[in-house]
Amino acid sequence: MPRVFAALLLPHDVCDTLARDAKAFARFDPLARFTPSTNLHLTLAFVGDVTAEEAHHLSAAIRPLATLTPRDITIARVGTFDRHRILYAGLSPAESLNPVVKEVRDTITRLGLPMDRKAFRAHITIARDWRRGHPPMTLPTRTVRLSGPVLMESVKDPRTGIIRYRQVI
């Protein structure tokens, strides 16, 4: 069964630059696990395990919501979720994402699928297992172009244990 989440993807060049910039934080916590550029995204809703048929149905249902997605958003700051040991890039204006988040979550509910009901926080996870509190530096501010919501699947490599994300079409 696919393990899925709804997300907004960033352009590849932005992901590459953000991942490279994030590596500068390694000197403050060398044991942190930095997110590979191919896994950088903005999660709108975590769904969890669903059947392949449900995943394809949900993917098709959220694609038309692209009209609610803001065209641009700014990566504006760095923050931490200390309890979860996450280092993230914050987005601004975060409230511009509320209409697409609401509709994606409403669509998941209408389809009768499970969903993590935690409040939405506009962020891009750049490192996990972060143990050093708020870092004494920040990322360069950059405005990025967004496309509409997509459904992503978490796939764990059985040989290496590394998790990669791929789009459900």
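The legends below describe close-up views of a predicted model.

Local features are described where pLDDT is at least 70 and side-chain atom pairs count only at pLDDT 80 or more, while totals for chains, interfaces and linings use all residues. Residues are numbered from 1 along each chain as its sequence is written, and side-chain values use heavy atoms, with hydrogens and water left out.

**View 1. The four-stranded open sheet, in the order β3-β1-β8-β9, has antiparallel pairing.** Strands, here and below, are DSSP runs of E with at least two residues, helices are runs of H or I with at least four residues, and both are numbered from the N terminus; two strands pair if DSSP finds at least two bridges between them. The edge strands are β3 and β9 (163–168), each of which pairs on one side only. On average, neighbouring strands of this sheet are turned by 30 degrees against each other, direction ignored, where axes are lines fitted to C-alpha atoms, for helices over the stretch in contact, and angles between N-to-C directions run from 0 to 180 degrees. Between β1 and β3 there are six bridges, and A7 has T43 in β3 as its bridge partner. β1 also pairs with β8 over five bridges in the antiparallel sense, with F5 opposite M152 in β8.

**View 2. The hairpin of β8 and β9 has six residues between its strands.** The two strands run antiparallel and are joined by six bridges, and K156 stands opposite I163 in β9. Within this hairpin, G161 takes a positive phi near 80 degrees.

**View 3. Two helices, α2 and α3, lie across strands of the four-stranded sheet.** Helix α2 lies across β1, β3, β8 (150–156) and β9, and runs at about 145 degrees to β8. Helix α3 lies across β1 and β3, and runs at about 10 degrees to β3.

**View 4. A five-stranded open sheet has the order β2-β6-β5-β4-β7, again with antiparallel pairing.** Its edge strands are β2 (33–34) and β7, each pairing on one side only. Five bridges join β5 to β6, and G90 stands opposite H123 in β6. Helix α1 lies across β2, β4, β6 and β7, running at about 145 degrees to β7.

**View 5. The largest nonpolar core contains 46 residues.** Such a core is a set of buried Ala, Val, Leu, Ile, Met, Phe, Trp, Tyr and Cys residues joined through side-chain atoms within 4.5 Å, where buried means under 20% relative accessible area, exposed over 50% and partly exposed in between, for a 1.4 Å probe and protein chains only. I75, L97 and V104 touch the most other members of this core. Among the elements that each supply at least two of its residues are α1 (12–22), β4 (72–81) and α3 (98–110), and the largest share, five residues, comes from α1. Not counting residues up to four places away in sequence, I75 has contacts (heavy atoms within 4.5 Å) that include V14, L18, A89, L91 and I124.

**View 6. Two loops hold backbone features at P93 and D129.** Most residues other than glycine have a negative phi, and most peptide bonds are trans. In the loop between β5 and α3 lies P93, which is joined to S92 by a cis peptide bond with omega about -5 degrees. D129, in the loop between β6 and β7 (142–145), has a positive phi near 60 degrees. D129 counts as partly exposed because its relative accessibility is 21%.
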